[in-house]
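Hello,

Here is the structure I promised to pass on. Please load it before you read the notes below.

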Amino acid sequence: MKIIVTGASGQLGCDLTKVLESEHNLFLFDIDLDVTDAKKVLKTAKEISPDVVIHSAAYTDVDGCESNQDIAYNVNAIGAQNVAIACNEINAAMVYVSTDFIFDGAKKEPYIEFDNPNPLSVYGCSKLAGEYFVSHLLNKYYICRTAWLYGKNGKNFVKTILKLADEKDELKVVNDQFGSPTYSFDLAQKIGELVKENAYGIYHTTNSGSCSWFEFARKILEFGGKDNVKISPISSDELDRPAKRPFYSVLRNYCLELKKFSPMRSYEEALRDYFGK
Ligand SMILES: NC(=O)c1ccc[n+]([C@@H]2O[C@H](COP(=O)([O-])OP(=O)(O)OC[C@H]3O[C@@H](n4cnc5c(N)ncnc54)[C@H](OP(=O)(O)O)[C@@H]3O)[C@@H](O)[C@H]2O)c1
């Protein structure tokens, strides 16, 4: 297939390239294709005429979105709308990558695709607006909601913890927010599987299992060979960040289960693999 990838030098974009390049004809774009530029998005899509557009570009700075609301809605919502309009025009399928932060975290068990979103932050609202544009404009779409993404390329929690472990004697990490850490390589593989099957729809696509940021950090230090560093749990109140985050945003990959796709491996197994263990 001919596939356009937006945000191709982001962490997911890099893994999409690794996973898909041997099988498909990829057209990789980053900020050179600014998704807020509707005309350029449409022109590029018409010139390439891809079968699928994987839209992984986003403004992903969750706290930054609170102070830069215009950028958040422009990139995450209008950007997705521009891509969806272009896909509609050329009859291409679209993959939109969304987030666990569309939920408020009030549920006490894992969220399924049929639960009602209620985002708490500008980032969550802007990504949900993107979902609505995609699902209203297109029939051939995949919305893949993921969470706590980390990969070999780009900034992420795994790299931050390893860096802090080298710089500090003690780490303090939040222990009252729970989610499903997901290796971007695993997400890229699952997206590859879905587009091959034309299995359109909304999917939760996270590594299985869940933990708090504190528990995740402990595993990172263990697998990263830095478990001599002292680490202490703190509450979200103590950290006091600009964006409100859900206390519980564990996703269950229910639609993958219902449609008989293979399950995604546990986050511990994926993290071991990330460290080559
Ligand atoms: N990271 C997470 O924990 C997480 C969790 C759930 C869902 N997601 C979603 O998963 C997807 C991939 O995330 P990621 O972690 O791979 O993100 P990332 O590493 O931040 O990559 C996003 C890419 O999009 C590019 N970009 C930003 N604004 C753009 C614009 N206006 N036009 C074109 N490209 C633009 C960025 O370029 P610059 O670097 O130059 O800005 C970057 O290369 C996103 O849709 C995100 O919302 C992420």
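This is a predicted model. I start with Phe216. Beyond its neighbours within four places in sequence, Phe216 is in contact with Trp148, Tyr150, Phe157, Val158, Pro181, Cys211, Tyr267 and Leu271.

Next, the helix pair. The axes of H8 (residues 213-223) and H11 (residues 267-274) come within 10 Å and cross at roughly 35°. The crossing is right-handed. H8 contributes Phe216, Lys219, Ile220 and Phe223 to the contact, and H11 contributes Tyr267, Glu268, Leu271 and Arg272. By type, these residues are 5 nonpolar, no polar and 3 charged.

Now the sheet. It is open, has 6 strands in the order S2-S1-S3-S4-S5-S10, and pairs in parallel. S2 (25-28) and S10 (201-204) are at the edges with a single partner strand each, so one side of each has no neighbour in the sheet. On average, neighbouring strands are turned by 20° against each other, direction ignored.

Two helices to check on this sheet: H1 (residues 11-20) packs on it and touches S1, S2, S3 and S4 (93-99). The direction of H1 makes about 160° with that of S2. H5 (residues 122-137) also packs there, touching S4 and S5 (141-146). The direction of H5 makes about 160° with that of S4.

Best wishes

Key. Residues are numbered from 1 along each chain as its sequence is written. This is a predicted model: local features need pLDDT of at least 70, side-chain atom pairs count only at pLDDT 80 or more; totals for chains, interfaces and linings use all residues. Side-chain values use heavy atoms; hydrogens and water are left out. Contact means heavy atoms within 4.5 Å. Axes are lines fitted to C-alpha atoms, for helices over the stretch in contact, and angles run from 0 to 180 degrees between N-to-C directions. Helices (H or I, at least four residues) and strands (E, at least two) are DSSP runs, numbered from the N terminus. A crossing is left-handed if the near helix is turned anticlockwise from the far one by less than a right angle, and right-handed if clockwise. Ala, Val, Leu, Ile, Met, Phe, Trp, Tyr, Cys and Pro count as nonpolar, Asp, Glu, Lys and Arg as charged, and the others, Gly among them, as polar. Two strands pair if DSSP finds at least two bridges between them.
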